[in-house]
Amino acid sequence: MQTAPDDYTEAVLDAVERIPPGRVLAYGDVAELVGTGGPRQVGRVMSLYGGGVPWWRVIRADGRPPDGHEVRALEEYRAEGTPLRPDGRRVDMRRARWDGR
């Protein structure tokens with residue numbers, strides 16, 4: 001049974017909803033934007049509650065999409081015009097990372 005989201009969860013989900021199409025943040029970037037927690041806490045929130053927000057915009061710092069969701073995430077990146085690395089399997093973090101403004 002899933003519990004109701006707490007304030008931290010709500011803050012993470014609100015931050016994720018603000019990431020514009022075609023841009024991404026690493027898990028640690030989201031924690032920094034929220035002002036508390038770290039990559040693992042953000043990952044936990046995303047795994048439990050992230051289905052209702054653009055979850056594909058939160059990725060590993062090396063540009064890899066979330067485990068088990070690579071195919072769907074890559075479809076979303078292509079649809080949104082998110083810059084990808086030459087291998088086509090990872091996001092180009094230098095070009096795609098959102099500055100939070």
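Is Arg 101 buried or exposed? Arg 101 is exposed, at a relative accessible area of 79%; buried stands for under 20% relative accessible area, exposed for over 50%, and partly exposed for what lies in between, with a 1.4 Å probe and protein chains only. Before going further, note that this is a predicted model, in which local features need pLDDT of at least 70 and side-chain atom pairs count only at pLDDT 80 or more, while totals for chains, interfaces and linings use all residues. Residues are numbered from 1 along each chain as its sequence is written, and side-chain values use heavy atoms, with hydrogens and water left out.

**Salt bridges**

The term requires a side-chain nitrogen of Lys or Arg within 4 Å of a carboxyl oxygen of Asp or Glu. By this rule there are eight salt bridges. Asp 99 is partly exposed, with a relative accessible area of 48%.

Next, select Asp 62 and Arg 64, a salt bridge whose closest N and O atoms are 2.8 Å apart. Asp 62 is partly exposed at 33% relative accessible area, and Arg 64 is partly exposed at 37%.

Now select Asp 29 and Arg 97, where the closest N and O atoms of the salt bridge are 2.7 Å apart. This pair links distant parts of the chain, 68 residues apart: Asp 29 belongs to helix H2 (residues 27-34), and Arg 97 to the segment after helix H5 (93-96). Helices here are DSSP runs of H or I with at least four residues, numbered from the N terminus. Arg 97 is partly exposed, with a relative accessible area of 36%.

**A negative patch**

Select Asp 6, Asp 7, Glu 10, Asp 14 and Glu 17, which form a negative surface patch. Such a patch joins like charges within 9 Å, from residues with over 30% relative accessible area and no salt bridge. Glu 17 lies in helix H1 (residues 7-18) and is partly exposed, at 49%.

**An aromatic pair**

Finally, select Trp 55 and Trp 56, both of which are buried. A search of the whole structure finds one aromatic pair. The ring centres of Trp 55 and Trp 56 are 5.5 Å apart and the planes stand at 85 degrees, so the pair is edge-to-face. Rings of Phe, Tyr and Trp (its six-membered ring) pair if their centres lie within 6.5 Å; planes under 30 degrees apart count as stacked, over 60 as edge-to-face and the rest as tilted.

Conventions:
Patches are made of residues with over 30% relative accessible area and no salt bridge: like charges are joined within 9 Å, nonpolar side chains (Val, Leu, Ile, Met, Phe, Trp, Tyr) within 5 Å. Accessible areas come from the Shrake-Rupley method with a 1.4 Å probe; for residues, only the protein chains shown count as cover. Lys and Arg count as positive and Asp and Glu as negative; His and the chain ends are not counted. The place of a charge is taken as NZ of Lys, CZ of Arg, CG of Asp or CD of Glu. Helices (H or I, at least four residues) and strands (E, at least two) are DSSP runs, numbered from the N terminus.
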